[in-house]
Each structure stands twice: as structure tokens, then as C-alpha cells.
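Subject: Model for you to look at

Hi,

Here is the model we talked about. Please open it alongside this note; my findings follow below.

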Amino acid sequence: MTARSISYAQAIREAFAQLLAQDSRVFVIGQGLWSPWYVGTSMQDIDTEFGRERIIDSPVSENATTGAAIGAALAGMRPIVVHPRMDFMLLAVDQIVNEAANWHYMFNGRVNVPVVIRPVINRGGEQGAQHSQALHAWFAHVPGLKVVMPATPYDAKGLLIAAVHDGNPVVYIDDRWLYGEMGEVPEDPYSVPIGQAAVRRRGRDVTVVATSYMVVEAMKAASALEEVGIDAEVIDLRSVRPLDEATIFASVKKTGRLVVADAAWLSCGVGAEVAARVAGGAFEALRAPIGRVGLPDAPAPTSRALEDAYYPRAGQIVTEVRRLTGGGKSRDGVAVARGRH
């Protein structure tokens with residue numbers, strides 16, 4: 001397959017275009033889909049290319065829109081529902097949690113709901129508390145739903161295609177802070193397995209497990225830590241449910257330390273889930289307490305100055321790692337991370 005460097009947003013658009021071209025059952029429904037300014041360039045001109053019968057710009061009616069898509073899925077179609085603000089998707093929770101997630105179980109596996117729901121996290125940019133929430137932990141809590149969060153252009157395309165082909169309800173979450181990220185993406189269609197984490201950087205002193213945009217910050221943190229003699233391994237979770245325990249356990253058993261960097265609040269979040277699983281499955285390997293980095297326990301502010309303080313960056317990951325490792329080497333380069341294997 002020929003690969004070239006394109007942006008995360010372009011990779012999403014390419015996945016949409018190839019899915020629509022290959023399968024007449026695929027259609028897209030959501031608010032604002034015909035707008036040229038819609039969710040970056042991730043769906044630019046998709047309506048003119050495939051027609052407004054398949055790219056349906058719905059009224060402001062999240063619950064009805066999602067319910068219609070679930071009904072279409074039950075009738076054999078492959079709908080993709082887009083919620084340009086994840087916050088607005090909460091109005092459709094009844095359809096997602098009470099209906100889509102349960103049908104396969106309620107009917108003894110004889111019925112599947114092949115629907116993909118794509119909410120977008122719109123953090124920053126003075127969006128405020130009602131337009132910025134990253135609620136992936138909510139949906140990952142529900143049996144019957146799969147939840148994926150691609151962090152690279154390659155995964156943005158491959159996971160969207162995998163989600164549509166999965167045959168079960170999949171919540172595909174992207175963060176607009178990732179739209180400009182560039183990376184190698186094959187031109188041909190391909191899938192990335194749901195439920196499989198990726199090791200983005202090999203290391204031996206500490207494991208950093210990150211979700212979505214925090215993978216970008218974790219990679220920056222790993223580069224900064226290298227300068228002080230700490231070799232960090234970075235794992236991109238990619239799928240919150242199902243969660244790839246095996247990759248995390250293998251890394252923690254090698255490094256002995258774990259920091260989880262999530263794009264949401266700490267309380268009852270993905271960081272807590274990963275920490276609990278490591279405590280149950282790799283506790284004997286830990287040589288330090290588990291560290292977590294996430295949002296402070298408060299709604300998102302609107303002021304840009306407060307946003308800068310609110311959203312965690314690489315510096316906080318570095319601080320947490322240095323706390324667990326003993327700090328790395330001094331300015332003269334003599335001391336190194338304590339307790340290294």
C-alpha cells in the first residue's frame with residue numbers, strides 16, 4: 001500500500017469517503033454536516049461528493065437522530081452518527097445506553113446493532129464547560145459498547161473503518177486538538193484492530209499509558225525525560241473498551257512504574273481503571289505508587305488564561321514521572337533514575 005503524510009483530519013475524511021464508496025449501506029447523519037466549516041476539514045465537501053441523501057444534515061434533535069440511526073442499523077444499514085460536540089451527545093444517552101448497547105444481549109445474540117457514533121471533543125479555544133467535556137469513561141462503563149480514541153492519523157483512518165465493519169455499537173471519539181497532527185497513512189483502506197494498544201516509544205524506567213491527545217503530550221514528555229536520564233515507554237491505549245491489559249502489564253513488568261495520562265477528569269476515570277487493573281494483574285512488578293495526570297476536578301473554564309492552567313501538558317507528566325523515579329540525573333549528569341533494573 002502506498003503511504004503519504006496527511007493530517008489526522010484528512011485521514012478521517014478519507015475513511016469516510018472510502019466507506020461510503022465501498023458500501024451503499026453506509027450513510028452519515030448529524031447536525032451541520034453540510035457546513036463547510038464542520039469539525040475542521042474532517043468532512044469537508046463529503047456531501048457534494050456522495051449526495052445529501054447519504055450525508056444527512058439533521059435538525060437539532062440528538063436523541064431522535066441517534067435513534068433513527070440505531071433503527072436503520074437494525075434494518076441492515078451501516079449508519080455513522082456525528083455529534084460535533086460530545087456534550088450534546090448526552091441528549092442521546094437513552095438511545096445509546098438503553099437501546100444500542102443492550103439489543104444484542106436482550107435477543108440472545110440474534111440481533112446486532114452495527115452503528116458507529118462519532119462524538120468530537122472540542123477542548124480549548126474558549127469553548128467553555130458545556131462544549132469541552134471528554135466523557136469517554138462514561139461510555140466505556142457500559143457493557144455492550146466499544147469505545148475507541150485514535151491519537152494518530154494512521155489510527156484515525158484505520159479505527160473508523162474497523163468501527164463500521166465491527167458489527168456492534170462503537171463510540172469513535174476524536175479530539176479536535178489532534179486534527180493538525182501529521183503522519184504516514186496508506187491510501188488503500190485498512191483496519192486497526194479494536195482493543196489493541198500500541199507501544200509508541202520503547203523505554204525501561206517508567207510506563208506512561210496515554211489516551212487520545214495526551215499521547216502527543218506523553219511523547220513530548222518522554223523526550224524531555226530522556227534529557228534527564230529517564231527512559232519512558234509510552235503506550236497509546238487506542239481502545240478504552242475493550243482495554244488491552246496484556247500490553248500494559250508487559251510494559252509495567254519491565255519498567256516497574258506506571259503513570260496514566262488521560263484527557264479527562266481523574267475521579268472515576270480511565271486512569272483509575274488502568275491503575276486498578278495493574279494493581280490486580282501486575283502488582284508484584286510495581287516499585288513505586290501509580291501516578292495519574294488528568295484534568296482538575298472542576299468544569300472547564302472559558303478564559304484562555306485559565307484554560308492554560310486547566311489542561312494538562314507534557315510538563316505535568318514529566319513532574320509525575322520524576323516524582324516516581326526519584327528525579328533523574330542532576331544538572332552535572334551524575335545521578336540517574338533510582339532503582340533502575
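Start with a loop residue. Asn108 sits in the loop between helix 5 (103-106) and strand 5 (116-121). Helices here are DSSP runs of H or I with at least four residues, strands are runs of E with at least two, and both are numbered from the N terminus. Phi of Asn108 is near 55°, a positive value in a residue other than glycine. Asn108 is exposed, with a relative accessible area of 65%. For accessibility, buried is under 20% relative accessible area, exposed is over 50%, and partly exposed is in between, with a 1.4 Å probe and protein chains only.

On conventions: this is a predicted model, in which local features need pLDDT of at least 70 and side-chain atom pairs count only at pLDDT 80 or more, while totals for chains, interfaces and linings use all residues. Residues are numbered from 1 along each chain as its sequence is written, and side-chain values use heavy atoms, with hydrogens and water left out.

Another positive phi is at Asp45, near 60°, again in a residue other than glycine. Asp45 belongs to the loop between strand 2 (26-30) and helix 2 (46-50). Asp45 is partly exposed, at 46% relative accessible area.

5 strands make an open sheet, in the order 10-12-11-14-15, with mixed pairing. Strands count as paired if DSSP finds at least two bridges between them. Strand 10 (198-201) and strand 15 (291-295) are the edges; each has a single partner strand, so one side of each lacks a neighbour in the sheet. On average, neighbouring strands are turned by 25° against each other, direction ignored. Helix 8 (residues 214-226) packs on this sheet and touches strand 10, strand 11, strand 12, strand 14 and strand 15. The direction of helix 8 makes about 170° with that of strand 12. Axes are lines fitted to C-alpha atoms, for helices over the stretch in contact, and angles run from 0 to 180 degrees between N-to-C directions. Contact means heavy atoms within 4.5 Å.

Look at strand 11 next. 5 of the 5 residues of strand 11 are buried, so the strand is largely enclosed by the rest of the structure. In a regular strand, side chains alternate between the two faces of the sheet. Here Val206, Val208 and Ala210 point one way, and Thr207 and Val209 the other. Strand 11 runs parallel to strand 12, joined by 5 bridges. Thr207 stands opposite Glu233 in strand 12. Strand 11 also runs parallel to strand 14, with 4 bridges. There, Val209 stands opposite Val260.

**Helix 9 and its approach**

A cis peptide bond joins Arg241 and Pro242, with omega about 0°. Pro242 lies in the loop between strand 13 (239-241) and helix 9. At the start of helix 9, a side-chain oxygen of Asp244 comes to within 3.3 Å of the backbone nitrogen of Ala246.

The buried residues of helix 9 (residues 245-255) are Ile248, Phe249, Ser251, Val252 and Thr255. They span an arc of only 165° around the axis, which puts them on the same side of helix 9. The arc is taken from the directions from the helix axis to the C-beta atoms. These buried residues pack against strand 11 (206-210), strand 12 (232-236), strand 14 (258-265) and helix 10 (270-281). Just after helix 9, Gly256 has a positive phi of about 80°.

**Helix 3 on helix 4**

Helix 3 (residues 62-74) and helix 4 (residues 93-100) pack at about 30°, with axes 8 Å apart. Helix 3 contributes Asn63, Thr66, Gly67 and Ile70; helix 4 contributes Asp94, Gln95, Ile96 and Ala100. Gln95 is buried, at 18% relative accessible area. Gln95 touches Asn63, Thr66, Gly67, Ile70 and Ala100, not counting residues up to four places away in sequence.

**A buried strand residue**

Val171 lies in strand 7 (residues 170-172). Val171 is buried, with a relative accessible area of 0%. Leaving out residues up to four places away in sequence, Val171 touches Met89, Ile117, Pro119, Lys146, Val147 and Val148. The C-alpha atoms of Val171 and Leu160, 11 residues apart along the chain, are separated by 9.7 Å.

Best wishes

Terms used: A polar contact is a pair of N or O atoms within 3.5 Å; within protein, one must be able to donate a hydrogen and the other to accept it, and residues adjacent in sequence count only if both atoms are side-chain atoms.
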